[in-house]
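Please look over the following model.

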Number of protein chains: 2
Amino acid sequence: MSATGGDAAVLLVRARDGHRGSLGRLISRVERGGDAAAEVAVLVGPDEGDAHVVGVTGAPGAGKSSLTGHLLASLQAEGRRPAVLAIDPSSPITGGAMLGDRVRMDGVASGAFVRSMATRGHQGGLAVAVPPTLRLLAHAGHDPLIVETTGVGQVEVDIAGAADTTVLVVAPGWGDAVQANKAGLLELADVLVVNKADRPGARDARRDLELMLDLGHISGLEARSGRRPEIVMAISTTGEGAGEVVRAIDAHHAAIAASGELAARRAARRRGEVTALVERGLRARAVEVLAAGPGRALLDAVDAGAMSPAQAAAAVLREVRGGA
Amino acid sequence: MSATGGDAAVLLVRARDGHRGSLGRLISRVERGGDAAAEVAVLVGPDEGDAHVVGVTGAPGAGKSSLTGHLLASLQAEGRRPAVLAIDPSSPITGGAMLGDRVRMDGVASGAFVRSMATRGHQGGLAVAVPPTLRLLAHAGHDPLIVETTGVGQVEVDIAGAADTTVLVVAPGWGDAVQANKAGLLELADVLVVNKADRPGARDARRDLELMLDLGHISGLEARSGRRPEIVMAISTTGEGAGEVVRAIDAHHAAIAASGELAARRAARRRGEVTALVERGLRARAVEVLAAGPGRALLDAVDAGAMSPAQAAAAVLREVRGGA
């Protein structure tokens, strides 16, 4: 059997038994797309079952990965089977994901399943690859499913915001809390973590967050669930506060399950997935048209200044609609 | 005359004379799109002329805005007419841009034209709005044109990377340089600025950058232009180093103009604009289909578990192609 070979149904049984290699192979198939991904999708079924999808986001350097590692340890100590899908900012040129953070995370919680997924430089790629991977992780018995993304960039923010529960991690100093607010992250957050709480400025960061929540409340910018996000202080180097973060995540989950919002968030996530798949299909068609003879002629006309980009785009769109 | 009214040709004449209000109104028309934007586009013409497009990017908190303010002051001291288009991370929910950074920048260089543009929460929006705005700024006599974006997030990175010259700003400490490398920014950078060079760790940050450039060279990850990016130390609070950054930007411009790469970058930018316009058009059609009866029925089927997201997306794509 090759390194990536094996019957999908057999791999899935082994993955449910906790065999990481089998689960890893299945995720690779989902990432590659095509027939192999479709086969996995049929086996896995249409949803995440009862698994709780948790988004962890925040600026680069806020300590998301270290904190996530401690969350894994806390969850495992409770006998749970968490998994992490870490969305790496990847190179727009090389497409490669760096592994520094992942290694650090693995060192903390060696029993958990951690998978890194590159952003792969093309819009829509992540939005298409993440949902079936979450369903696969759930089907393999993992719960909760933690999706870690950077908190800057529309695609990354959308992914974290599409979780059942979104955790925003900020670090003291450097205006991290203010930047998070500017990026619209505060409004997506269901749980706020002031990380590196042993550093100077941690209490200021908490006060900044409280103030911004107060202001948001006044101007109507409440959290989506109508609940004020809980603020938890944590120290990612020692793991202090990780248990409290887990408790806050669980409390949010219970609250939205009871209110019916959990079902609404899941429906919205499913609709977002359809939209992302449609966009990907349309983009593929646009690239195809631009690469073909007529498309190349239009681009040449733009280069020559004989046609505006808007005129060329309109011509391409007519071509796409007319296509088979 | 209303606050946004006025004949476009008249506004453009006034903008060329340095009237900021007129230029601001024209940009608003470009941002809104539609017929008013098309009218401006015709007046402005197909390209940026000789204006030099400079991207300034880096992580949140690296001091991009303050540095940009000092770049403006240095450029104005040389009798040049710079303009800044600052892409604000905006709220995915409210769509609002915060003005903190802009105010700070205006305080530094009160004579320059500075415009903030919200990311507006929809993919493709920025990629469509930025190019015609740059052409307008150039037509109004501004040069260089500085586009400031956050250095995380695919759309934002793409915009900064599409400039003639891309400046990457990193701050000491917090692993900023390593994070920038992870995000693929180092490969896009033509000029590297270690900002906040009066802080501890500035020399380490420079050494990190040198090392990563050395490693990149070994593994073939050179800067796009084949030139090793120059590293400049700067202090954004005092403006120290800003003149040197301007000199490095000008040197890069001269080098790529001489090598022919400038023309290639501009052609690539124009092609990227056509692609973004095509994608926006296709997306609009997809949203239309999803909102109509058949699209809603497909989404309902997905919600009910009767259809997979992939099946629903395939059906929508058939509908888009067949559409009038």
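## Basis

This is a predicted model: local features need pLDDT of at least 70, side-chain atom pairs count only at pLDDT 80 or more, and totals for chains, interfaces and linings use all residues. Residues are numbered from 1 along each chain as its sequence is written, and chains are lettered from A and ligands numbered from 1 in the order in which they are written.

## Chain A overall

Chain A has 14 helices and 7 strands. These are DSSP runs, numbered from the N terminus: helices are H or I with at least four residues, strands are E with at least two. Of the 324 residues in chain A, 56% are buried. Buried means 20 or more other C-beta atoms within 10 Å of the residue's own; exposed means 12 or fewer, and partly exposed lies in between, with C-beta atoms placed from the backbone.

Contacts require C-beta atoms, placed from the backbone, within 7 Å. Among those in chain A between residues at least 6 apart in sequence, 76% join residues at least 24 apart.

## Packing within chain A

Helix α6 (residues 125-139) and helix α12 (residues 261-291) of chain A have axes that come within 8 Å and cross at roughly 135 degrees. Axes are lines fitted to C-alpha atoms, for helices over the stretch in contact; angles run from 0 to 180 degrees between N-to-C directions. α6(A) and α12(A) are therefore oblique to each other. Angles under 35 degrees count as roughly parallel, over 145 as roughly antiparallel, 65 to 115 as roughly perpendicular, and the rest as oblique.

α6(A) contributes A:Ala127, A:Val128 and A:Pro131 to the contact. Residues from α12(A) include A:Arg269, A:Gly272 and A:Leu277.

## Packing between chains

Helix α13 (residues 293-303) of chain A packs on helix α12 (residues 261-291) of chain B at about 125 degrees, with axes 10 Å apart. This pair is therefore oblique too. The contact joins A:Leu299, A:Val302 and A:Asp303 of α13(A) to B:Ala267, B:Arg270, B:Arg271 and B:Val274 of α12(B).

## One residue in chain B

B:Ala251 sits in helix α11 (residues 242-259) of chain B. B:Ala251 is partly exposed because 15 other C-beta atoms lie within 10 Å. B:Val191 is 60 residues away in sequence, yet 9.9 Å from B:Ala251, C-alpha to C-alpha.

Terms used
Contact = placed C-beta atoms within 7 Å.
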